[in-house]
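Please open the model in a viewer and follow the selections below in order. Each stop states what to select and what is found there.

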Amino acid sequence: MSATEDMHAKMKLATSEEIWAPGGPVEDWTTDYDIRDDDYIEDPVPIWAEMREKCPIAHTDRLGGSWNPTKFDDLRAMAKMIPELSSRQVLVMPPAPNAPEMSRYEQMIAAAPITADPPIHTWTRRMLLPAFAPRAVEKYSEYTEELCHELIDGFVESGECDAAVQYSQQIPPRVIAHMIGIDPGMADQFVEWVNFVLGDGLFQPELRLKARDEMLAFIGAEVAKRQEDPQEDLLTDLLFMELDMPEAQITPEVVVGITNLLIVAGIDTTWSSIGSALWHLGSNPGDRQRLLDEPEILPFAIEEFLRYYAPVTMARIAETDVEYNGVHINRGDKVLMNFPAACHDPEQFEDPDEFIIDRAKNRHIAFGSGIHRCAGSNLARLEMTVAIRVWMERIPDFHVSDREPMKWAGGQVRGPRILPVSFPPGATR
Ligand code: HEM
């Protein structure tokens, strides 16, 4: 490395490290928010209300700077601003200080379709849609149900468990591994990787890079195996897929990126939603009893869990200067797609900060909006429905215990990471 390159490399590192440095307490949520703040992670709802009222598209200089829209209509409009607001950088945190430089194409296929803009987005999304159609995911219902019973069998006699770690966290990685065609025994490893990519690792860039590299190496090896020896599984289907779209360039690298996305997007999100639902039911006996007395309201309850505890905030990067509703967004600025805040907008939902278990009018955007709307929503709803139904059948009477403090994760995906609950040993069957 030449002296100049060396100097530039050091300057880049210093700048990135400055970006990552903790910024001290937040004085003003509309001009200086910090998504790492404990209050924001613990209970962001009142903070979003303050932002929405005083400055609905807030800004901060922290973490390299970003904009934070909190109104439903703004989120829906900004999700459509393509290609001005690009998806090639969707992480809410800045790149790790020593992250390798990537070309635009590499960024777009890193986890397509979520990281891609059209035209790459269009054909990579098309590759996934058939496998996630409502009838296609229905076939995972039985597997999910058996898995939920097995997990409960493992702790029900003890009268207590960590409903985040021993239940919610265990379901999505096994379902997705089963679906892709990977040994469900890899589930614990997936959880660790995903936690480092989206959870704790969001705040520890070294861990994030290491986990990402390990995960990509693992997926790369699985793809290579199928090139040699095709199997009856989704990974093989993706690899040998033929689309009637001349622009589609399906390569092993594209399939590695898609599989990476399925593991990351399919795990943390759904485990957070199952965990939030159990947290709610374990701390609100009235709603728990209502669900026991009227199990037919479960589909409404699932939508209200999704709305009220919407887990996923994404990001976009401005490709040009953009004027939107009096806000000037500079080229290169990051915009957070705060779908969870939009789900609490009083202009869209009546009594948005109240949890109404059978809420009838509930057109939430917990699954996003526009061309990137969640491709896995049918599978997510199926997993949540089965997980909550089986839990309520087996453990109808439970409450969140203070054996150990419960812990929320925030940032990109919000949900309980530690959730101690108690119930009568053996519960019911
Ligand atoms: C409750 C659980 C889930 C929630 C709340 C959720 C939420 C979201 C959101 C908000 C987006 C939009 C991203 C953006 O605009 O940048 C998204 C995209 C996506 N999700 Fe989900 N998701 C969940 C579960 C799943 C599952 C189980 C899978 C599949 C295994 C999945 C696969 C995807 C894919 C492939 C995309 C990208 C779609 C595109 O870019 O066209 N998600 N999800």
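Select the shell around the ligand: by class, this shell has 19 nonpolar, eight polar and one charged residues. The model is a predicted one. Of the 28 residues around the ligand, those that come nearest are Gly-266, Thr-269, Gly-368, Cys-374 and Gly-376. Two or more residues of the shell are given by each of helix H6 (120-128), helix H14 (252-283) and helix H18 (377-394).

Which element gives the most to the shell around the ligand? Helix H14 does, with seven residues. Select H14 next and display its C-alpha trace. The end C-alpha atoms of H14 are 47 Å apart, which agrees with the 46 Å that its 32 residues should span at 1.5 Å a residue.

From H14, move to the largest nonpolar core. Of its 114 residues, Ala-112, Val-264, Phe-339 and Ala-387 touch the most other members. H14 contributes the largest share of this core, 16 residues. Centre the view on Ala-112. Leaving aside neighbours within four places in sequence, Ala-112 is in contact with Ile-120, His-121 and Thr-124, and also with Val-254, Gly-257, Ile-258 and Leu-261.

The next stop is an open sheet. Select its three strands, which lie in the order E4-E12-E9 with antiparallel pairing. Strand E4 (160-162) and strand E9 (399-400) stand at the edges, each with a single partner strand, so one side of each is left without a neighbour in the sheet. To follow one pairing in detail, select E4 together with strand E12 (residues 420-422), which pair in the antiparallel sense over three bridges. Here Glu-160 stands opposite Ser-422 in E12.

The tour ends at strand E5 (residues 314-318). Select E5 with strand E3 (residues 85-86): the two pair in the antiparallel sense over two bridges. Within this pairing, Ser-86 has Ile-317 in E5 as its bridge partner. Which residue in E8 is the bridge partner of Ala-315? That partner is Leu-336. In general, strands of a sheet pair through backbone hydrogen bonds, either parallel or antiparallel.

Key: Residues are numbered from 1 along each chain as its sequence is written. This is a predicted model: local features need pLDDT of at least 70, side-chain atom pairs count only at pLDDT 80 or more; totals for chains, interfaces and linings use all residues. A residue is near a molecule or strand if its C-beta atom, placed from the backbone, lies within 6 Å of it. Helices (H or I, at least four residues) and strands (E, at least two) are DSSP runs, numbered from the N terminus. Ala, Val, Leu, Ile, Met, Phe, Trp, Tyr, Cys and Pro count as nonpolar, Asp, Glu, Lys and Arg as charged, and the others, Gly among them, as polar. The expected span of a helix is 1.5 Å times one less than its number of residues. Two strands pair if DSSP finds at least two bridges between them. A nonpolar core is a set of buried Ala, Val, Leu, Ile, Met, Phe, Trp, Tyr and Cys residues joined through C-beta atoms within 7 Å. A residue is buried if 20 or more other C-beta atoms lie within 10 Å of its own, exposed if 12 or fewer, and partly exposed in between; C-beta atoms are placed from the backbone. Two residues are in contact if their C-beta atoms, placed from the backbone, lie within 7 Å.
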